[in-house]
Amino acid sequence: MDTSQRIGVIGGGLMGAGIAEVSARAGHPVTVIEATDVAAKAALGRLEASLSRAEAKGKIDSAAAVLDRIAVETELDAVADAAVVVEAIVEDEAAKVALFKRLDEVLIAPDAILASNTSSIPIMKLGVVTSRPQQVIGIHFFNPVPVLSLVELVPSLLTGEETMARSRAWVQDSLGKKAIDCQDRAGFVVNALLIPFILSAIRMYESGFASAEDIDRGLVLGAAHPQGPLALADLIGLDTTKAVAESLYEEFKEPLYAPPPLLQRMVDAGLLGRKAGRGFYTYSR
Ligand code: NAI
């Protein structure tokens, strides 16, 4: 895909800011849409901080030059001329369905790709509420987006081959990511394996079998994982972890996907992990 083409990113949270960053670093003009002015300011702050770190580490020449290619707005119309829009709002089916209906009305290019970064919501459910389900696809990035190279490409039963091919070309050739192909089933490949692993670690901690530190140290030192499962849950966000577990449980009805009570309680308490300053661990912000 030509890097002069605009990329729209809806939601400038953990994932949306990352997707905006890698797209702008690849040379694309990028428009991020946030829900409110306050959230837009936070999204811009997240982008500035991440790009400054990338500049300090010598990964990019100029954070300011990349930021110049990114606009953060609050009106969806600002992505009307985008070639690709990636939705990265909260993991809530009703919210995503409402957004895809609106995106279908707003996007002008007849061949625009309407992508979702959802971790678990069926792509088909987003495709069928638009007039162009052949152009709706899951493009699932990994956190942190500027660091992890994997992207899962998830066509629904109605996604066209051309959409799949253009999405693959965009993530691989423009963004420099590596793609794997997945069926449109909750969790795709990585989360279907990773989430039950994290939930097992939460159950182990909840039962008092071992401390959070020892569970994580066990997997880091004994299985060469870069971080333990509880630290990883904090990084993903406990609300997102719980939402993905619920989608997996809803889809497959397997007990191993059911969120344990402690996860539920922590989410209710606002202990959402790194982004909230506290989850299984405490973080300075
Ligand atoms: P987040 O909570 O950090 O960010 C969501 C953002 O969307 C917030 O900034 C919120 O203000 C904004 N938002 C909500 N409704 C909106 C609307 N209608 N229009 C515009 N902006 C809106 O969540 P996060 O972690 O970035 O997740 C976003 C999506 O990415 C979810 O679908 C999640 O399942 C998926 N995902 C998350 C990963 C993770 O590790 N956190 C990994 C891969 C996918």
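Trainee: Which helix holds Pro196?

Mentor: Pro196 sits in helix H7, residues 190–206. Helices here are DSSP runs of H or I, at least four residues, strands are runs of E, at least two, and both are numbered from the N terminus. This is a predicted model: local features need pLDDT of at least 70, side-chain atom pairs count only at pLDDT 80 or more, and totals for chains, interfaces and linings use all residues. Residues are numbered from 1 along each chain as its sequence is written, and side-chain values use heavy atoms, with hydrogens and water left out.

Trainee: Why is Pro196 called buried?

Mentor: Buried means under 20% relative accessible area, exposed means over 50%, and partly exposed lies in between (1.4 Å probe, protein chains only). Pro196 has 9%, so it is buried.

Trainee: What does Pro196 touch, leaving out residues up to four places away in sequence?

Mentor: Pro196 touches Asn191, Leu256 and Tyr257. Contact means heavy atoms within 4.5 Å.

Trainee: How far is the C-alpha atom of Pro196 from that of Glu55?

Mentor: The two C-alpha atoms are separated by 37 Å. Along the chain, the residues are 141 apart.

Trainee: Which residues of H7 are buried, and what covers them?

Mentor: Asn191, Ala192, Ile195, Pro196, Ile198, Leu199, Ala201 and Ile202 are buried. Their cover includes strand S6 (136–141) and helices H8 (212–223), H9 (229–236), H10 (238–252) and H11 (261–268).

Trainee: What follows H7?

Mentor: Gly208 follows H7, with a positive phi near 80°.

Trainee: Lys242 is in helix H10. What makes Lys242 buried?

Mentor: Its relative accessible area is 13%, so Lys242 counts as buried. Lys242 touches Pro259, Leu263, Gln264 and Val267, not counting residues up to four places away in sequence.

Trainee: Why is Phe188 called buried and Ala224 exposed?

Mentor: Phe188 is at 8% relative accessibility, so it counts as buried. Ala224 has a relative accessible area of 66%, so it is exposed.

Trainee: Which peptide bond is cis, with omega near 0°?

Mentor: The bond from Asn143 to Pro144 is. Pro144 lies in the loop between S6 and strand S7 (150–155).

Trainee: How do you know that the radius of gyration of the whole chain agrees with a compact globule?

Mentor: The radius is taken over C-alpha atoms, and the globule rule is 2.2 Å times the number of residues to the power 0.38. With 285 residues, a compact globule would have a radius near 19 Å. The protein chain has 19 Å, which agrees.

Trainee: What else describes the whole chain?

Mentor: The chain has eleven helices and eight strands. Its C-alpha trace spans about 55 × 45 × 35 Å along the principal axes. Of the 285 residues, 49% count as buried.
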